[in-house]
Amino acid sequence: MTKAKKITLLIAIVIIVGLLAYVGITDASNQLVACPDCGETGQVDCGDCGATGLVDGDDCEACEGYGWIDCETCVSGEDDETIGEVRGSLWALLPPIIAIGLALITKEVFSSLFIGILSGALLYSNFSFTGSLDAIINDGLISAVSGSAGIFIFLIELGVIVALINKAGGSAAFGSWAKTHIKSRVGVMLATFLLGVLIFVDDYFNCLTVGSVMRPVTDSKRISRAKLAYIIDATAAPICMIAPISSWAAAVSAYAEEGQGLRLFIRAIPYNFYSILTLVFVVAIAVMGFDYGSMRLHEMNAKEKGDLYTSGEKNESVEVTPSSKGRVVDLIIPVVLLIVSCVFGLLYVGGFMEGEGFIDAFANTDATVGLPWGCLIALVLIILYMIARGIISFKESMDCLPQGFIAMVPAILILTFATALKNMTSLLGAKYFVGDLMAGQAEALGMFLPAIIFLVACVLAFATGTSWGTFGILIPIVTAIFPAGSELLIIGMSACLAGAVCGDHCSPISDTTIMSSAGGQCNHLNHVSTQMPYAITVAAISFVMFVIAGFVQNVWICLPLGIVLTVATLFVIKLIVNKKAKA
């Protein structure tokens, strides 16, 4: 670490300690805001009787005939009485800011995340030693592991499948085919982009599948791992957010009013400027053949020196000697089996086999169950296929099990710590603070409200690392502050979804960002730092477009204008970059 970075780190530590001390002395993290569920009354309508107090002519047992029950959201931990208020303050965002800041300074993600978790636990427990340990272990790590267990299983299963394909020679054969059929770096980047667009069902599935399939090809054309990770990330959440049949569409539908979720989601797609313009940005920058920011250095090193990493550890999987019998079909068939099985798994968990319609099954599914469910079926079928083909033995297929697990350990660790940090932020009431802030300022912001919603969603998703949590907080607020059926409601919904994707895209503690690093086998902080300038560029353009959309309220004017503005911005940046290179 350089002297300048040591000084920066020392200053950061002093600031962190000072802020924690201030919060501890003033008790600022224990501020209360109005409970969003009961509106400060401490009571909510009884769901069993529909607030009538009667069930089949008799008093409702749940509410004892009153028609209301105590609000569970704002129950006081001391006397079990509802108080009409919940914990929520600006300081709830301090732990993730600490973690992100330290990660960017030290380039060390594990310790940075843990310090963020520790600071959150200290604030939550009012600096109690045993209370902090309890928060870290029970509310943080154990809750993170139990809540993410399905994704961990999916990661391991997918890691094993990648190891099997590599051992069978499918990846090597596809790489050799691609070298002769895809001649240019631009062609490879566009092929990676296209595959990412085609796998729109789920972002986790997208990240790891696209990475495992295209990594040998991008390596052969000397495309840096940072650039590969960026293309993966830019076609994961953004494409899922504009695909009506995806786990993201299902999640959004669940947060809106019953029966209105999918309709609102589809109507919001054309105004989702960040997602759409990110896709335009990826294609444009690939065709224009230039890079800027720290990505430029990574791409120059890859092209001129063959160094795909530039800095940080090399997240390579264990070297294996591929089978000489491997063919391209030995990659295509496993990938097809994987896609079909995972889609079937998602539909099955959503109730498709029990009579639910295709769209309803996707709306009701749980990706953390459906993906490992389908991936396990695919894994068994792939092993049987490869043994039947005679390209690997049963023992070799079993040897791939620990290899696949080992390859995914870094991603699992980061995901565990990042989820624990999110849990700390939730305990401190970040969502209640943001919701209260937005609801209070809605009327004063007027036509600028979509742009403000976009910014708030960006900041919240960046700080918490969750886009789903972000639009879960903001969608009920958006639907409440805009007139039902109005164009401004659709624009506000789009701003909420776009901002959630943008913040998630930039955040080093986002699960999708972590999955993209794992898919591209790229150093995680390299991925974060190289994609940040690109994401911020598109975010700035999107903010301008939401300002315009708030007044114009016509998608046929706004969307083409946004596309033109994106391409024009890239031309200007290219001129500046070329001018600096010649200077």
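This note describes a predicted model of one protein chain in numbered points.

1. Basis of the note. Residues are numbered from 1 along each chain as its sequence is written, and side-chain values use heavy atoms, with hydrogens and water left out. Because the model is predicted, local features need pLDDT of at least 70 and side-chain atom pairs count only at pLDDT 80 or more, while totals for chains, interfaces and linings use all residues.

2. Confidence. The predictor's confidence in each residue is given as pLDDT, on a scale from 0 to 100. The chain has a mean pLDDT of 83, and 90% of its residues reach 70 or more.

3. Overall make-up. The protein chain has 24 helices and six strands. These elements are DSSP runs numbered from the N terminus: helices are H or I with at least four residues, and strands are E with at least two. Of the 583 residues, 53% count as buried. Buried means under 20% relative accessible area, exposed means over 50%, and partly exposed lies in between (1.4 Å probe, protein chains only). A contact is defined by heavy atoms within 4.5 Å. Among contacts between residues at least 6 apart in sequence, 77% join residues at least 24 apart.

4. The loop residue D291. D291 lies in the loop between α12 (273–288) and α13 (294–305). Is D291 buried or exposed? D291 is buried, with a relative accessible area of 7%. Not counting residues up to four places away in sequence, D291 touches K227, I285, R296, E299, Y534 and V577. Two of its side-chain links are polar: one joins D291 to the side chain of K227 at 2.9 Å, and another joins D291 to the side chain of Y534 at 2.6 Å. A polar contact is a pair of N or O atoms within 3.5 Å; within protein, one must be able to donate a hydrogen and the other to accept it, and residues adjacent in sequence count only if both atoms are side-chain atoms. The C-alpha atoms of D291 and L570 are separated by 9.7 Å, although the two residues are 279 apart along the chain.

5. Surroundings of D291. E299, one of the residues that D291 touches, is found in helix α13 and is buried at 1% relative accessibility. Not counting residues up to four places away in sequence, E299 touches R185, I223, S224, K227 and D291. G289 is found in the loop between α12 and α13, but G289 counts as exposed, at 54% relative accessibility. The C-alpha atoms of G289 and K574, 285 residues apart along the chain, are separated by 9.3 Å.

6. Aromatic pairs. A search of the whole structure finds 13 aromatic pairs. The rings of F114 and F417 have centres 6.4 Å apart and planes at 45°, so this pair is tilted. Rings of Phe, Tyr and Trp (its six-membered ring) pair if their centres lie within 6.5 Å; planes under 30 degrees apart count as stacked, over 60 as edge-to-face and the rest as tilted. F114 lies in helix α3 (residues 109–124) and F417 in helix α17 (residues 394–427), so the pair ties together parts that are 303 residues apart in sequence. F114 is partly exposed at 35% relative accessibility, whereas F417 is buried at 18%.

7. F454 lies in helix α19 (residues 449–464) and F546 in helix α23 (residues 524–552), so the pair ties together parts that are 92 residues apart in sequence.

8. Helix α22. How many of the 10 residues of helix α22 (residues 511–520) are buried? The count is 10 of the 10, so the helix is largely enclosed by the rest of the structure. At the start of α22, a side-chain oxygen of S510 reaches to within 3.2 Å of the backbone nitrogen of T512. After α22 comes Q521, whose phi is positive, near 45°.
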